[in-house]
Amino acid sequence: MKEQIILVARKDPAQQEERFTSSLEELRSLTETAGGEVKKIMVQKRERIQPATYIGEGKLAEIKEEMDQSEAYIDIVVFNDELSPGQLRNISDRLERRVIDRSQLILDIFARRARTKEGKLQVELAQLQYLLPRLAGQGTELSRLGGGIGTRGPGETKLETDRRHIQRRIDDIKRRLQTVVKQRNQYRKRREDNYAFQIAIVGYTNAGKSTFFNKVTDSDSFEEDLLFATLDPLTRQVSLPSGFKALISDTVGFIQDLPTTLIAAFRSTLEEVTEADFIIHMVDSSHPDHLEQEKTVHKLLKDLQADHLPSLTVYNKRDLLQDDFIPNAFPSLTVSVQDPIDIKRILDKVESVLKEEWYEYNVFIPASDGKQLQQFKQGSIVASVKFHEDQEGYALHGFIRPDHPLKNKIIQ
C-alpha cells in the first residue's frame, strides 16, 4: 500500500509561473519515485516565509481540514522547500502528521538507490547530518534510518542520547569514508600514470545518462524512467570510432535545490567529474524546463570547478519532441540515445571536438615497432595510416593530447 501524500508549496508572486509549475511537477515525480501517491497539491501565494510555520496559520488550518475530510488517510505532508527545525516541529504539531521537506524526500530516494558500500555510507552520513539539528520533535521516527539509535545512558534524556549517538556515528562514517577516498585517489593516480583519458557523463536526473552509458559500453547499469536511477558511479572502457581508448563514467544525476548535506557527502563521488578530461552533458530536450535544468547542471559544475573542461552537450529524447528544437549550447547534438546511429554520431562528435583541442601530428613508425604503433592507435586519435613499402613503415596522421608522453616521440 502506497503512502498517501499531500504536497504543499509556497509561490512567491515574483516567481515565473512556468518555473513554479516545473518545480511542483518535480516534487510530484520525487514523491512517486519514493513510492508515495499524491492525493492533493496545496499552494499558498505569499511574498515572505512565515518564520514559525513557513506558511500562514490559515493555510495550515485548510490543510488540516483537507486531511480530515479526505477519504484516504493522509500519511505524510511534503513541503517543496527545506524547512528549519522549528518550522518542522511547529507544522507537525499543528497537522498531527509526519511532515518532511524536499531535502528529506531526496535523501529518502538516495537511501533506496544506494547499492555500493560507499554509496550507502554517503547517504547515511547525509541523512544523519540533516537529522541532527532536527532531533527535537522527531520522536520514534528516528528508527526509520536504521542507525541503531536507542542505547541510553542512565539519567540521560532520549534526545541527549540520540544526539550523542548520532554524532558518534557521523564521526565513524567520516573515518570509513576517508579510507574509501584514499582508495579512490590511488585508483585515480594509476589512471593518471597510465595517461587514461577520462570522459564523465553528467546531466540532470533522468536525462538518459545511464541508457547512453549502457549503449556505448555494453553494460547493464540500472536504468529506469525514475529520478536518481544511478547513484554509484560506474567506469568502463570505451573505444571511439578511430580506435582511441577512453574511460567513461556514469555519474549521479543533478537536481535543483540539491540538499547541501548531500553535495558534501557525495563530494568524493562528484570528484569523478572534476577529474575528467572531457564532459558529455546529457539534457532531456523534451522536458518543458530543460533550459533551467541546464543552468542547474552548469552551476553545479562551476561549484565543482569543472566548468572549464572541454564538453559536448547532447540533447536527448529527440523522439519525444513535438516542435522544432533550438539548441542552447555549442558544440551540441540533438539525438535519441535509443538510436544506434545517434550513438555513433555522439562518439564521432566527441572525436571532432577533441581534434580541435589537441595537437595535430604526423609521425613515421617502422613496421618492426609494432608496440609503438599500437600505443599511438590507443593513446591518440589516428586520422589516417599509410604503409610505405620502400621505407618499411607506417606514416600516421592524427591528434594527441598536448601533455601525452607519446608527443615526445613526434619529430617537430
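**Figure 1. The whole chain, as a predicted model.** Helices and strands here are DSSP runs, numbered from the N terminus. Going by that, the protein chain has 12 helices and 13 strands. Of its 412 residues, 50% are buried. As for contacts with a separation of 6 or more, 67% of them involve residues 24 or more positions apart. The chain exposes about 20500 Å², with carbon and sulfur atoms supplying 47% of that.

**Figure 2. R28 and E25 pair up within helix α1.** Their side chains meet in a salt bridge, 3.9 Å from N to O. The two sit three residues apart, about one turn of the helix, which covers residues 17–33. R28 is partly exposed at 26% relative accessible area, and E25 is partly exposed too, at 43%.

**Figure 3. E82 and R134 form a salt bridge at 3.3 Å, N to O.** This pair ties together distant parts of the chain, 52 residues apart. E82 comes from the loop between β3 (76–79) and α3 (85–95), while R134 comes from the loop between α5 (117–131) and α6 (158–193). Buried or partly exposed: which is R134? At 8% relative accessibility, R134 falls under the 20% cut-off, so R134 counts as buried. E82, at 43%, counts as partly exposed.

**Figure 4. D339 meets R318 in another salt bridge.** The N to O distance is 3.8 Å. Here too, distant parts of the chain are linked: D339 lies in the loop between β10 (332–334) and α11 (340–357), and R318 in the loop between β9 (311–316) and β10, 21 residues apart. D339 is partly exposed at 24%, as is R318 at 35%.

**Figure 5. E124, R169, D172 and R176 make one network.** Salt bridges that share partners join these four residues.

Definitions and conventions. Residues numbered from 1 in each chain as written. Predicted model: local features only at pLDDT ≥ 70, side-chain atom pairs only at ≥ 80, totals over all residues. Heavy atoms only, no water. Helix = DSSP H or I, 4+ residues; strand = E, 2+ residues; numbered from the N terminus. Buried < 20%, exposed > 50% of the residue type's maximum accessible area, 1.4 Å probe, protein only. Contact = heavy atoms within 4.5 Å. Areas by Shrake-Rupley, 256 points an atom, 1.4 Å probe, with all protein chains shown as cover.
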